[in-house]
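Hi,

Here is the model I promised to pass on.

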Amino acid sequence: MNALDRAIAAAPAEAPPRHDPARAPRVVVVSLDAAAAPAPRRWRWPAIVATPLLAAAAVLVVWLAGSGARSVERAAVAVVPTALSLPTGDWIATTPGAQLDLSDASTANRQIRLTSGTALFDVRPLAAGEQFVVKTPDLEARVVGTVFTVEVGPGSTSVRVYEGRVRARRGGVEHDLAIGEMLGPNGIRSTLTNDPLGDLAVGRARARLATAPAKPEQPPRSTMPWPTPATTQAPVLEPASPAPIPDPSIREPATSTQTTSTATSTPARASVATRGRAKPSSSSSTATEPTRAHAMALLAARKFVEARDLAVQNSWHVIEGDADRGLGDHVAAVRAYAAAADSPHADDVCIGALLAAQLSADRLGDLEKALSFAERAASSTCATRERALGLTIAVANRAGARDTATTAARQYLAEFPTGSYAAAARATLTTTRHP
Amino acid sequence: MKLLSFMHRPVPPVEPDVLAALLPKVRRWVHRILGPNSALDDVAQDALIEIAKALPAFRGDSAVDTFAYRITIRVATKALRRRRDEIPLELVPPQADHIDPESQLAHRELMRALYRALDELPTRLRLTFVLCELEGMTPTEASVVLNEGAATVRSRLRRARESVTEKLRADHRLAWLEGVRS
């Protein structure tokens with residue numbers, strides 16, 4: 001044993017000199033008194049100089065925000081979002097310079113026109129008959145209790161979804177956007193990026209999840225660190241005891257008309273509505289024909305058995321899985337999600353695989369199966385790729401599959417260097433290098 | 001008005017029991033960082049004052065011990081910088097009475113040599129060495145206290161060990177004592 005090892009072995013045994021126990025209370029009292037004493041005033045002159053400078057800066061920011069100067073908007077965006085609480089319980093935050101017009105603020109019909117800038121909408125879950133509409137020069141969004149941002153850029157609009165699920169239509173093409181997805185100004189779907197209000201939106205979405213009232217019949221919420229896909233949140237967003245469910249295809253004729261006229265008059269226009277809402281004139285469904293929207297409305301009303309029956313009859317596997325989850329049958333839910341992952345519909349494949357992976361890891365503890373599903377959800381054609389890679393990293397780490405975790409972490413960092421799970425990916429690579 | 005009331009909300013008082021429980025730990029941490037030193041109780045008192053000031057703002061982001069350890073490190077580091085110019089290294093005899101005089105002498109010389117070697121290390125290397133080798137923390141745990149990356153801590157620990165080994169090997173008094181004992 002060399003001197004270093006002997007010193008290291010001997011040093012911890014050497015206790016500090018004995019301290020008189022009778023002195024301890026005195027030491028504590030002296031510390032508390034000293035801590036409570038007012039701190040000496042320092043930096044008085046710099047403070048006197050800085051105060052008017054700060055005041056002038058604040059005035060400048062307000063003036064620039066009011067003038068709507070686009071050149072300074074980006075710089076100030078992340079620093080000073082302006083928040084507004086509506087008496088209806090909705091919450092809106094905007095970037096400085098955003099032009100927002102509250103056309104109608106009644107409880108039944110909230111209409112907001114956004115002509116420039118970015119706004120975050122945290123919409124209170126709507127009761128039957130209520131609607132919340134956001135209009136921009138090229139887009140119209142109708143929501144049922146969700147958190148999303150709308151950014152009006154030069155010539156086009158981007159939509160980013162932080163909670164709930166949104167159906168967006170641009171130029172006749174429909175996109176189902178789930179949590180963590182965005183529809184860019186060029187019409188390309190991707191994971192969330194470059195949102196000036198992104199941090200705020202994530203905070204609102206998390207706060208909403210945290211404060212949602214517990215409902216025993218509700219599908220158990222994931223304990224995973226990533227957001228639970230919207231299908232399982234739908235029950236939370238709807239009123240507790242809705243009236244008998246009307247057929248969604250004839251539920252809101254006024255809005256359907258609005259959207260239709262918008263789409264036909266301007267092809268470049270886009271519309272956004274929550275997933276499951278009946279398609280306006282383009283929909284082939286009739287009032288008597290069961291639709292996915294009908295099944296989702298049943299889920300929202302927490303009529304899981306009926307929703308499940310309807311989903312099974314029509315092979316809507318994701319909805320079937322959601323219903324099973326609501327009934328607490330996680331094994332059946334994974335089976336249904338797995339069936340969705342095997343279906344010919346691309347959207348269902350990705351979301352089904354992701355949900356199956358998440359549920360397998362989170363509820364069933366089957367990490368091997370979870371990894372297998374996560375791999376499918378991480379397909380390059382899937383919009384769920386980022387979350388699936390994040391899931392793969394977490395599950396592989398938990399399962400001790402270092403190679404898989406390292407590979408997924410490298411892929412993640414290569415494609416999403418600033419993504420939500422970048423820190424976890426880096427930590428995985430660091431741990432691998434220094435086991 | 002809400003903002004104003006938030007700004008003027010009463011600061012929760014610090015419980016004396018919390019400080020009393022931390023006192024022995026703070027003394028031990030200071031002792032480990034500074035080594036045997038007559039300024040131990042003064043530095044521990046300073047650290048406790050700083051902890052009492054900071055506790056009302058403690059948000060529970062970490063364990064209280066980690067929070068207190070960070071503050072103690074900050075205060076002890078200041079004391080280290082002051083002491084390097086002012087106070088010569090002082091050795092306090094070990095507490096154990098059952099060790100024979102020869103072993104006591106060897107132990108004192110070993111500790112003296114160790115802390116003299118640590119005195120020559122840059123502060124960050126010294127803190128890393130103390131936390132990992134004397135306090136028995138893993139590099140990951142030490143990285144939390146030091147607010148550094150685990151890889152950085154590992155690298156510093158390696159450099160600190162190499163440096164201390166060299167200095168102990170070059171310590172002629174320790175070498176002489178080793179020769180006498182063998």
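A quick definition before the strands: two strands pair if DSSP finds at least two bridges between them, where strands (E, at least two residues) and helices (H or I, at least four) are DSSP runs numbered from the N terminus. On conventions, this is a predicted model in which local features need pLDDT of at least 70 and side-chain atom pairs count only at pLDDT 80 or more, while totals for chains, interfaces and linings use all residues. Residues are numbered from 1 along each chain as its sequence is written, chains are lettered from A and ligands numbered from 1 in the order in which they are written, and side-chain values use heavy atoms, with hydrogens and water left out.

Now the sheet around strand 4 (residues 109-122) of chain A. Strand 5 (residues 131-136) of chain A pairs with strand 4 in the parallel sense over five bridges, and there Arg110(A) has Phe132(A) as its bridge partner. Strand 7 (residues 147-152) of chain A runs antiparallel to strand 4, joined by six bridges, with Leu120(A) opposite Thr149(A). Strand 2 (residues 91-94) of chain A is also antiparallel to strand 4, over four bridges, and Trp91(A) faces Asp122(A) there.

Next, the cores. A nonpolar core is a set of buried Ala, Val, Leu, Ile, Met, Phe, Trp, Tyr and Cys residues joined through side-chain atoms within 4.5 Å. The largest has 61 residues, and Val26(B), Ile51(B), Leu114(B), Phe129(B) and Val164(B) have the most contacts inside it. Helix 4 (residues 64-86) of chain B gives the largest share, nine residues. Beyond four places in sequence, Ile51(B) is in contact (heavy atoms within 4.5 Å) with residues including Leu19(B), Val26(B) and Ile71(B). A separate core of 38 residues includes Tyr337(A), Ala370(A), Ala374(A) and Tyr421(A).

Finally, confidence. Chain A has a mean pLDDT (the predictor's confidence in each residue, from 0 to 100) of 67, with 62% of its residues at 70 or more. Where pLDDT is low, the predicted coordinates should not be read in detail.

Cheers

Note on methods:
Buried means under 20% relative accessible area, exposed over 50%, partly exposed in between (1.4 Å probe, protein chains only).
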